[in-house]
Structures are given as structure tokens and as C-alpha cells.
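Let us walk through this fold step by step. Keep the sequence and the structure side by side as you read.

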Amino acid sequence: MREKEIEQKFTLTARQAGGLALKFVSPGMSGMPDRLVLLPGGRMAFVEVKAPGRAPRPLQEARHRTLRRLGFRVFVLDRPEQIGGILDEIRTP
């Protein structure tokens with residue numbers, strides 16, 4: 001399965017859960033995660049989508065660390081089987 005297909009499935013599943021998985025673009029700040037996920041109850045997180053078996057680039061990992069230090073959750077999604085678990089974790093305080 002390609003990255004685009006995983007991202008589409010994730011976006012659809014988030015919408016079915018009553019939320020949004022917005023494409024996140026930050027001009028001037030390369031390496032930010034692909035999706036900003038907003039779920040009912042004010043739950044949010046960032047999700048980096050990769051092709052199966054692919055890891056984030058070093059710049060992406062640096063951005064993930066920065067976001068985590070600020071208190072945000074950041075997930076790396078590279079298999080469709082992870083989607084439900086990631087959404088469950090975002091829902092959990």
C-alpha cells in the first residue's frame with residue numbers, strides 16, 4: 001500500500017469517527033507532520049504518514065521532538081493496521 005492510500009484511509013476513518021484529519025502545511029517550516037487530527041472533545045494530535053517501512057527524515061524527527069516538548073502528541077503512521085490504535089490514543093486523555 002502506498003503512502004497516499006494510507007493517508008486517504010486515515011482521513012476517511014478520522015471523519016467516520018466524527019473528526020477531521022486536516023492536511024497540515026506550514027510555509028517556512030519544513031518537516032512538519034502531514035496531518036493535524038481534530039477529534040470530538042477537543043482532542044488533537046499530529047500524524048506523519050509514511051509509506052510502509054519508511055521512517056521519518058531527520059528534519060521530520062527534529063520537528064516531532066519539538067512538538068512533543070511543547071506537549072503535543074505526534075504519531076508516525078506507516079501501516080493501515082495502525083489507524084484504529086492511533087485514533088484511540090488521540091481520544092485518550
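Strand 2 (residues 35-39) and strand 3 (residues 43-49) pair in the antiparallel sense, over 5 bridges. Strands here are DSSP E runs of at least two residues, helices are H or I runs of at least four, and both are numbered from the N terminus. Two strands pair if DSSP finds at least two bridges between them. Within this pair, R35 stands opposite V47 of strand 3.

The model is predicted: local features need pLDDT of at least 70, side-chain atom pairs count only at pLDDT 80 or more, and totals for chains, interfaces and linings use all residues. Residues are numbered from 1 along each chain as its sequence is written, and side-chain values use heavy atoms, with hydrogens and water left out.

Now widen the view. The open sheet has 4 strands in the order 1-2-3-4, with mixed pairing. Strand 1 (20-23) and strand 4 (74-77) each have a single partner strand, so one side of each lacks a neighbour in the sheet.

The largest nonpolar core has 15 residues, and F10, V37, V47, L77, I86, L87 and I90 have the most contacts inside it. Such a core is a set of buried Ala, Val, Leu, Ile, Met, Phe, Trp, Tyr and Cys residues joined through side-chain atoms within 4.5 Å. Buried means under 20% relative accessible area, with a 1.4 Å probe and protein chains only. Helix 3 gives the largest share of this core, 4 residues. A second, separate core of 5 residues includes M32, L36, L67 and V74.

Notes
Buried means under 20% relative accessible area, exposed over 50%, partly exposed in between (1.4 Å probe, protein chains only).
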